Amino acid sequence: MSNPSLLILAGDGIGPEVMSQVRRIIDWYGENRSLAFDVSEDLVGGAAYDVHGVPLTDETMEKAQSVDAVLLGAVGGPKYDDLDFSVKPERGLLRLRKEMDLFSNLRPAQCFDALADFSSLKRDVVAGLDIVIVRELTSGIYFGEPRGIIQEGNERVGINTQRYTESEIERVARSAFELARRRGNKVCSMEKANVMESGILWREVVQKVHDEDYADVELSHMYADAGAMQLCRWPKQFDVIVTDNLFGDLLSDAAAMLTGSLGMLPSASLGAPMANGRPKALYEPVHGSAPDIAGQGKANPIACILSFAMALRYSFDQGDEASRLENAVEAVLADGARTADLLGEEGVTPVTTAEMGDRILAALDASL
Ligand code: NAD
Ligand code: IPM
Ligand code: MN
């Protein structure tokens with residue numbers, strides 16, 4: 001049988017820096033766990049624009065559709081700020097999500113014990129935190145029509161449309177309930193049903209899916225603004241949060257700070273099952289290309305490494321190997337390894353991106 005296939009799209013800024021550490025870990029699995037992957041690499045975002053004039057070519061799109069999983073670093077950066085909207089780096093990522101139909105984006109926020117003092121919130125509030133935000137990823141205001149900037153009389157109008165069909169809400173709700181059953185069995189759905197019709201429909205459909213098929217899961221509803229407040233006040237009240245594309249984007253960046261750094265948050269974007277029964281999937285850190293630290297060896301590779309752990313679990317049925325990698329990350333943090341985003345303790349010298357990779361590989365060796 002051929003090896004499972006992985007397409008790596010490292011992208012821009014710190015994307016290639018964090019991805020090179022993931023490459024070492026992929027190689028480690030091939031050498032030490034008989035878990036070899038057929039890895040190919042390609043361009044996305046500004047890196048693709050520089051070569052091809054578009055942030056994602058049709059050929060790369062086709063490759064992404066045909067592999068078992070895609071790993072993505074990050075896209076974007078100030079160099080591309082003035083490009084036409086249609087070829088901005090971010091459009092490449094959005095095209096991948098849309099055309100692969102990756103409707104369910106799992107963004108776990110887990111606070112490792114060793115980092116409980118790194119959050120901007122009190123230790124008590126975050127210690128032991130383990131929640132997942134399920135963000136709808138292929139619809140809502142990111143993709144709704146009409147959209148654009150139009151001339152109306154003597155001024156311009158910027159237009160985006162929030163739009164959700166019942167089936168789009170239903171499928172992401174199902175993925176959240178399924179996930180909750182494997183965890184703390186609790187789902188909180190967030191929208192703004194008090195001011196948005198799409199929010200009214202969202203709440204109705206989530207409730208209906210629950211009552212018909214997931215009555216065993218505890219379901220609550222919250223307005224997304226109150227949800228943002230509750231995430232800061234007492235995040236441990238949540239298990240799984242399910243929400244739309246835009247609210248999920250905002251709430252997951254906020255949740256990142258509960259874990260200590262945006263450099264810690266992985267994600268899995270999952271679609272419908274493929275012929276092999278595994279979901280179509282793309283894995284990427286929640287953070288962006290971090291232009292302020294790019295090229296300096298300062299980036300924290302853990303979000304990208306934990307995204308690969310999610311790939312092991314969700315695309316390759318290797319839950320034990322995923323746990324091995326997560327435990328290795330936890331061990332190096334417990335041992336005091338800190339990239340610069342995680343400083344705050346007296347007298348600790350930061351490790352570089354590559355040194356963090358070295359430590360995690362050593363912890364993997366020690367796990368054998
Ligand atoms: P960002 O996530 O790139 O950076 C926000 C802050 O977090 C910066 O101070 C950065 O240094 C820090 N940071 C992020 N990741 C880090 C890591 N791994 N280690 C250490 N520090 C880290 O967000 P931004 O500055 O708002 O956006 C920069 C560019 O990235 C923009 O072009 C944006 O569109 C893009 N972006 C891309 C993605 C993606 O590819 N999925 C996600 C978010 C933003
Ligand atoms: C994210 C990013 C993306 C988003 C951008 C880069 C398109 O912020 O993955 O969270 O808004 O979804
Ligand atoms: Mn975001």
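Tutor: Two residues are in contact if their C-beta atoms, placed from the backbone, lie within 7 Å. The model is predicted: local features need pLDDT of at least 70, side-chain atom pairs count only at pLDDT 80 or more, and totals for chains, interfaces and linings use all residues. Residues are numbered from 1 along each chain as its sequence is written, while chains are lettered from A and ligands numbered from 1 in the order in which they are written.

Student: What share of the contacts with a separation of 6 or more joins residues 24 or more positions apart?

Tutor: Such pairs account for 73% of those contacts in the chain.

Student: How do you know whether the radius of gyration agrees or disagrees with that of a compact globule?

Tutor: The radius is taken over C-alpha atoms, and the globule rule is 2.2 Å times the number of residues to the power 0.38. For 368 residues the rule gives a value near 21 Å, and the chain has 20 Å, so the two agree.

Student: Why is Asp-225 called partly exposed?

Tutor: A residue is buried if 20 or more other C-beta atoms (placed from the backbone) lie within 10 Å of its own, exposed if 12 or fewer, and partly exposed in between. Asp-225 has 13 such atoms within 10 Å, and therefore it is partly exposed. Asp-249 has 18, so it is also partly exposed. In the chain, buried residues make up 46% of the 368 residues.

Student: What marks Asp-225 and Asp-249 in the UniProt record?

Tutor: An unreviewed UniProt entry places the feature "binding site" at Asp-225, Asp-249 and Asp-253. They are spread over 29 residues of sequence but cluster in space, with a largest C-alpha distance of 14.3 Å. Such annotations may be inferred rather than shown by experiment.

Student: Which residues are around ligand 2?

Tutor: A residue is near a molecule if its C-beta atom, placed from the backbone, lies within 6 Å of it. Around ligand 2 these are Gly-76, Glu-90, Leu-93, Leu-94, Asp-249, Val-286 and Gly-288. Helix α4 (residues 89–99) gives the largest share, three residues.

Student: What makes β4 and β5 a pair?

Tutor: Two strands pair if DSSP finds at least two bridges between them. Seven bridges join β4 to β5 (residues 130–136), and the two run antiparallel; these strands therefore meet the rule. Pro-108 stands opposite Val-132 in β5. Three bridges also pair β4 with β11 (residues 268–273) in the antiparallel sense, where Leu-106 stands opposite Ala-268.

Student: How many residues of β4 are buried?

Tutor: Six of the seven residues in β4 (residues 104–110) are buried, and the strand is mostly covered.

Notes. Helix = DSSP H or I, 4+ residues; strand = E, 2+ residues; numbered from the N terminus.
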